[in-house]
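Welcome! Here is a short briefing to read alongside the sequence and the 3D view.

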Amino acid sequence: MNTFFNKQLFYLSGIGFGSGILGATLVLSFWYFGSSTPPSNIDELDAVYESNVRAAKNPEALSVLSDDFVKASEISTRSVVYIKTVSDEQYNSYDLFEFFFGGGGGRRSVLGSGSGVIFTADGYIVTNYHVIENAQRIEVIHEKKSYSGKVVGTDPSSDLAILKVEGKNLPNIRLASSRALKVGEWVLAVGNPFNLTSTVTAGIVSAKGRNIQLLGGSFPLESFIQTDAAINPGNSGGALVNLQGELVGINTAILSRTGAYNGYGFAVPSDIVAKVFNDLIKYGSVQKAFAGVSVDDIDNEKVERFKLKLDNYQGALVTSVQSKGAAERAGLQAGDIILQINDDPVLGKSTFEEHLSYYRPGDKVKVLYKRGTNNQEITLLLENRDGTTDILKQEIFTAESLGADLEPVSKIERDKLGLNSGVRIVKIRGGLFARLRLQEGFIITAINNRPVSQPQEVEQILSRIGGKVTLEGMTKDGTRGYYSFSF
């Protein structure tokens, strides 16, 4: 009995002590947010407390932030659209007769949906690439009116796509610079999931420059804005706006084990969106600039490996330098730490890639870097993926006889992968490649030991060859692969 009583007394004492601490914390919190100087005695503390309680009960004080949300919602929701897609998907058959004599499976329709943002009044719309990927038909619905959407350009490396609808005087969104956005600012996530006439959620910017290893490809651009505004799958391609209703990002991803919102949403910064949009409209492909270096974030392992002497781990560590590239010519070396690009601070790998993404081949940038304990500055002449300063256009070749779209692998990517040649399979539409179970993204480096560098070579060789054939190459995950078959 005494033991029970002592336990109860202990629990009650603990609760009383905890309540006291909580009460003191609340009082101090009221003082902190309501007064610039600490009260000198208990009477002043009581007065500050009462003043803050009265302010908290003031409807006008409580409505200030609410009014901002309302105004931002009214401005931005009219610029967000619902997107429906229909895709023809190839599925493979394991029937041996079809494998040797044609067919190789069939096609089925797949429905998809997402959101988009009206970027210009004459009908250009920005959305995520994954929303419209493989779509044969795209329908854009705005204020209950339906439009046929046409893909103008895509950039899988940033997960962005541009659509065009035939419309006039559409309510295009106002644009703000994402570089001016601060961690802690309020933002709204605006989407149109499942054609529900716009949904709005509020949160704060919890981080910038996030790399979550979401995007594929050889040169993915990941420097996401992280927010705790609720973003669900149907909101992909929708708008992230500030309290003025201006676009600061395109909602792209959530971090979740279940597929439902779990507290972390990610958006492509509006400055990247604007650069990608302008490049796709003007040139037909994104003009990505390369500095001729590979960089990484700094951690304990790299500090030991490169024998770095640092006060902090900010900056992008140069891990390798491309032979005869821009950085090598300017004198950068492995082990250097890039601190700034044109006076913009570089905090790590993602911010380095983000800052670089605002430029085009042929642009010159100042780079501040640390070598040992000294800071130095150089000027880099940025190049394209082929190592020149020319404007490049995407070279997609459709090989009808193979049922595939092919593209040459750029010089920078070949150097990165350690390849001397290569043709990438961009898309498989059926035919021979579908029957061989070849995968999109596979790089064909040689056919029967003969190196191939151009898509036309692949089609010509396979259309003339007979007997046993071996395709040599590399898979998307960087492993060597071989396909052998007979005609």
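Helices (H or I, at least four residues) and strands (E, at least two) are DSSP runs, numbered from the N terminus. Counted this way, the protein chain has 12 helices and 27 strands. This is a predicted model, in which local features need pLDDT of at least 70 and side-chain atom pairs count only at pLDDT 80 or more, while totals for chains, interfaces and linings use all residues. Residues are numbered from 1 along each chain as its sequence is written, and side-chain values use heavy atoms, with hydrogens and water left out.

**The chain as a whole**

- Buried means under 20% relative accessible area, exposed over 50%, and partly exposed in between (1.4 Å probe, protein chains only).
- Of the 487 residues in the protein chain, 43% are buried.
- Contact means heavy atoms within 4.5 Å. Taking contacts in the protein chain between residues at least 6 apart in sequence, 57% join residues at least 24 apart.

**Aromatic rings**

- A pair of aromatic rings is described by the distance of the centres and the angle of the planes.
- Rings of Phe, Tyr and Trp (its six-membered ring) pair if their centres lie within 6.5 Å; planes under 30 degrees apart count as stacked, over 60 as edge-to-face and the rest as tilted.
- The count by this rule is 5 aromatic pairs. One of them joins F442 and Y483, whose ring centres are 5.2 Å apart with planes at 85 degrees, so this pair is edge-to-face.
- F442 lies in the loop between α11 (431-435) and β24 (443-447), and Y483 belongs to strand β27 (residues 480-486), so the pair ties together parts that are 41 residues apart in sequence.
- F442 counts as buried at 2% relative accessibility, whereas Y483, with a relative accessible area of 21%, is partly exposed.
- One aromatic cluster is formed by F119, Y124 and F277.

**Charges over rings**

- A charge sits over a ring if NZ of Lys or CZ of Arg is within 6 Å of the ring centre and within 35 degrees of the ring normal.
- Y124, a member of the cluster with F119 and F277, has the charged end of K164 over its ring, 5.3 Å from the centre.
- The ring of Y358 has the charged end of R179 over it, 3.9 Å from its centre.

- On a 1 Å grid over the protein atoms alone, a cavity is a set of points where a 1.4 Å probe fits but cannot get out, and a pocket is an open set with protein on both sides within 12 Å along at least five of seven lines; lining residues have an atom within 4 Å of a point.
- Grid points are joined across faces, edges and corners, and a volume is the space filled by probe spheres set on the points. The second largest pocket holds about 390 Å³ of space.
- Its lining has 14 residues, and those nearest the centre of the pocket are K208, P345, L347, T351 and H355.
- At least two lining residues come from each of β10 (199-210), β18 (344-345) and α9 (349-357).
- Ala, Val, Leu, Ile, Met, Phe, Trp, Tyr, Cys and Pro count as nonpolar, Asp, Glu, Lys and Arg as charged, and the others, Gly among them, as polar. The lining is made up of 4 nonpolar, 4 polar and 6 charged residues.
- Helix α9 is mostly covered, with 8 of its 9 residues buried. These buried residues include T351 and H355.

**Places to visit in the loops**

- K307 lies in the loop between α7 (300-305) and β16 (316-321). K307 has a positive phi of about 55 degrees, although it is not a glycine, and is exposed, with a relative accessible area of 68%.
- N449, in the loop between β24 and β25 (450-451), is not a glycine either, yet has a positive phi of about 70 degrees. At 70% relative accessibility, N449 is exposed.
- L392 is in the loop between β20 (374-381) and β21 (397-399) and counts as buried at 15% relative accessibility. The C-alpha atoms of L392 and V286 are 8.5 Å apart, although 106 residues separate them along the chain.

**A buried strand residue**

- N251 is found in strand β13 (residues 246-254) and is buried, with a relative accessible area of 0%.
- The C-alpha atoms of N251 and A267, 16 residues apart along the chain, are separated by 4.2 Å.
- Leaving out residues up to four places away in sequence, N251 touches several residues, among them N128, I231, F266 and A267.
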